[in-house]
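Me: I'm new to this one, could you walk me through it a step at a time? Let me put it up here.
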Amino acid sequence: MTTTTATTAVTGAVGTAHTRIEGREKVTGAARYAGEIPFTDLAHGWLVLSTIARGRIRSVDDAPVLAMPGVLAVLHHGNAPRVDADYVGMLGKPDPVVGVLQHDRVPFVGWPVALVVAETSEQAREAAEALVVHYDQEPHDVAFSAGHPGTYTPDGDAMRTAVGDLESRLAASAHVVDAEYTTPEEHHSAMEPHAATARWDDGRLDIVDSNQGSTWVADELAKLFSLDPPSVRVRSEHVGGAFGSKGLRAHQVLAVMAATVLDRPVRVVMTRRQMFSLIGYRSPTAQRVRLGADPDGRLLAFDHQGQSLSSTVHEFVEESAGYGRAMYAADAHHTVNRLVRLDVPTPTWVRAPGEAPGSFAVESALDELAEKCGMDPIALRARNEPAVGPVSGLPFSSRNLLACFDEGARRFGWADRDPRPGVRREGRWLLGTGTAASTFPVLVAPSTAAVTAEADGTFTVRITAADVGTGARTALTLIAADALEVPTERVRVRIGDSDFGPAMIAGGSMGTRSWGWAVMLAARELREKLVPGGHIPPEGLTARSNTSDVIGALAQKERHAFGAQFAEVAVDVTTGEVRVRRMLGIFAAGRIVNPLTARSQLIGGMTWGLSMALHEEAVRDPATGGLVGPDLAGYHIASHADVPHIEADWVDDPDAEDSVGIKGVGEIGIVGAAAAIANAVRHATGVRHRSLPIRPDRVLRAGTVLGDERDERDERDEREKREDREEHRA
C-alpha cells in the first residue's frame with residue numbers, strides 16, 4: 001500500500017518556546033535510563049578500586065570471594081581479557097584507565113583493580129567489599145601548587161601565544177595589575193550515575209549506555225577490543241546529565257569484558273563515590289594575570305599564565321589561559337598554559353573547560369584594573385573592545401558583547417550603583433554588585449543524518465545525537481519541522497543509536513549546531529524530492545546528509561558567543577556568609593532554537609557559576625592521596641536555598657554568512673558568573689578574594705585583616721591631619 005503526503009508550509013517552529021518532546025515520559029518515569037532497562041539473565045558487576053595512591057598489586061585474594069553466594073566471576077589483571085588501548089580515537093589517545101585490568105601498576109587512589117560479577121547487585125557489592133587486595137606501596141605526590149617542581153609547557157599551538165613585546169609594554173603602563181588567582185578541583189556530579197549494560201547478540205556487541213555520543217563510544221570500543229566497527233552497537237536514549245564526563249570510561253569496558261567471559265548480559269553502574277575517581281573532574285588552577293594600561297585605561301599589556309594538573313598516565317590540560325585570546329585588545333598579548341603531573345586521576349572536560357576558571361581570573365583582574373584607573377568596570381571593557389581577534393587577527397563572525405552589557409546594565413540598574421566599596425549596608429549585611437564578561441567559542445564538527453517521509457504522512461529523523469538534558473531532541477524536532485515546512489507534530493526524532501551513523505558528540509556547545517546542520521540539509525533535500533500529491537512507498541522515502549564538505553568550506557573567522565553577567569550579593573559581617581540576592585545574564589548566542597530550553601541551559605550554567613564561586617571544592621588528603629568526603633555530603637554544591645532569582649536573556653546576534661546561525665548555550669552560562677559574584681563581594685566588603693570558593697572562613701579572615709588595615713589607615717590619616725594643622729599654625 002502507498003499513500004500521499006503533503007508539506008503544507010508551516011514555518012516559525014524555530015524561535016518559539018516548545019516543551020520537551022520527552023517531558024511527559026521523564027516526569028512519569030516512563031523514560032528508561034541506562035541502569036534501568038531490563039534484560040533476561042542479567043548479571044551485575046561491582047567495581048573494586050585501589051586504596052593506595054601509587055604502587056603495585058602484589059596479589060588478589062579472589063578464592064574466598066568466588067565461594068560467596070551468587071558470585072560468578074572476579075576479574076583482575078591476572079585473568080581479564082586483553083585489550084589494546086594504544087590507538088587514536090575521535091578526541092585523540094584515550095586515558096589508559098580504559099585499558100583496565102591489564103597490568104599490576106596503580107597510579108592513583110581509585111584505580112580499578114577488580115570487577116566482581118554476581119547474580120544480583122547486592123551480592124556483587126557484598127563480595128566486592130569482601131575482596132582483599134595486597135599492594136606494594138610507593139611514595140606519592142598529590143599536592144598541587146603554583147610553580148610545583150616538574151611544571152612544564154605541553155606541546156601544541158594552543159598552549160602558548162605571544163603577540164608584541166610584553167615586558168616593554170608593562171614598563172610603559174601607567175596602571176599595572178599583577179595578581180594570582182586560584183580555583184580548586186571541581187566535579188561534574190551529574191544526577192544520573194554512569195551505567196552500561198553489555199551483551200553479545202548474534203555475534204554483535206550491543207551496549208546500552210549513558211553517554212555523550214554513541215558513535216564515539218562504539219568506535220572506541222571497537223578499537224579497544226579489535227572489533228570491526230559495524231559489529232559494535234551503542235545506544236543511549238536518555239541521559240541524566242553529563243557535563244563532559246560521559247565518554248568511554250572503565251565501566252563500559254569492564255561490562256564488555258564480563259559479558260564476554262560469562263556469555264550473558266552484564267551491567268556495571270558506578271556509585272557516587274566511584275564517580276569521584278573514575279569519570280574525570282576539573283583540575284585545580286593557579287593563574288597569574290598581568291595587565292598594563294595607559295592613563296585612560298587602554299590595555300598596553302595582557303599576560304595570562306595558567307597552570308593545572310594531570311595524572312602521571314595521561315596528559316589533559318585545563319586551558320584556562322585561552323579565555324582572553326578573543327576578548328580584549330592589547331599592544332602585547334601573551335598567554336601560556338602549563339601542567340604538572342601528579343599521582344591523581346586524570347582530569348577531563350567539565351562545563352566550559354578552560355573558560356570557566358580562566359574567566360574568573362581575567363574578569364577579576366579587569367575589575368582590579370578598573371579600580372586603579374578610576375573607571376567603571378563596564379567602561380573599561382568597552383574601551384578595550386577589539387576590532388579583530390587580538391591574537392589571531394581574524395575578523396569576528398559577529399560580536400555583540402557591548403550590546404549584552406548595554407542591555408544588562410539597563411535591566412540590572414547599573415547606572416544607580418555607587419562605585420565605592422563597603423558603603424551599602426542593611427543591618428549586619430554588606431551589599432555589593434559586580435559584573436563580568438563571558439565568551440565561549442562557536443564550534444562545529446561533521447555529522448550525518450537521515451530524514452524519512454513515512455507512508456502515514458509523518459517524518460522520522462535519525463541522527464546519533466545525544467540529549468544529555470539540554471533539550472536537543474526537541475531542538476532538532478523544531479529544526480526539522482521548519483526545514484520540511486510541516487507542523488512539529490508530524491516529526492519524530494530518534495537519537496542516541498550508533499547505527500544511525502557518525503555524528504558529533506554533545507560537548508563544547510557544538511552538539512545542536514552540528515546536528516542541526518545535518519538535519520536541516522537532509523530535510524531540505526527530502527522536501528525537494530517530495531512531489532505534492534505524490535506517492536510514498538511503504539518503506540518510506542529517505543534523504544541523507546553529511547556536513548563534512550560544507551563545514552570544510554567555512555571561512556576562517558573568530559566565532560564566539562558572548563555575554564554579560566551581573567550579580568548582587570549580601571555579606572554577613574558576623575558569620576562571613578555570602579548570599580547571592582540576584583543574578584542577570586544577557587547573552588549573544590546566535591540563533592536561539594527553543595527559547596524555553598535555551599533559557600534553562602543559561603540559568604543552569606549561571607547556577608553552577610554561583611556554586612563554583614561559593615561552594616564547590618574537592619580537597620585531597622596528602623597522606624592518602626584520596627579525596628576528603630568524595631560524595632554529595634562532603635562535596636558541597638549549591639542547593640535550592642542558595643539560588644536566588646536568576647534571569648537569563650539574549651540580544652539579537654545574527655550572522656548573515658552562517659546558514660545555521662546556532663552558536664550554542666550549554667557552556668557560556670557558567671563563564672564569568674563566578675567572577676561577577678567575586679567582584680560583587682569586593683564591592684560589598686572592600687576585600688578582593690582571589691581564591692575560590694569564597695567560603696565564610698575566608699571572608700572572616702579577610703575582614704579581620706581589613707579591619708586592621710582600616711585602623712592603621714585611619715590612624716595614619718589622623719596623624720597627617722594633626723601634622724598639617726601644626727604646620728599651618730606654625
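Me: How do β15 and β16 pair?
Reply: Strand β15 (residues 299-311) and strand β16 (residues 332-342) pair in the parallel sense over 11 bridges, where pairing requires that DSSP finds at least two bridges between two strands, and strands are DSSP runs of E with at least two residues, helices being runs of H or I with at least four, both numbered from the N terminus. This is a predicted model, in which local features need pLDDT of at least 70 and side-chain atom pairs count only at pLDDT 80 or more, while totals for chains, interfaces and linings use all residues. Residues are numbered from 1 along each chain as its sequence is written, and side-chain values use heavy atoms, with hydrogens and water left out.
Me: Ok, and what stands opposite Ser308?
Reply: That is Leu339, which lies in β16.
Me: Which helix packs on the sheet there?
Reply: Helix α8 (residues 355-373) does, touching β9, β14 (285-293) and β15, with contact meaning heavy atoms within 4.5 Å. The direction of α8 makes about 150° with that of β9, on a scale where angles run from 0 to 180 degrees between N-to-C directions of axes, which are lines fitted to C-alpha atoms, for helices over the stretch in contact.
Me: What's the strand order in the sheet?
Reply: Five strands form an open sheet in the order β8-β16-β15-β14-β9, and the pairing is mixed.
Me: Which strands stand at the edges?
Reply: β8 (160-163) and β9 (175-183) do, each with a single partner strand, so one side of each has no neighbour in the sheet.
Me: Switching topic, at what angle do α11 and α12 cross?
Reply: The axes of α11 (residues 472-484) and α12 (residues 511-529) come within 8 Å and cross at roughly 30°.
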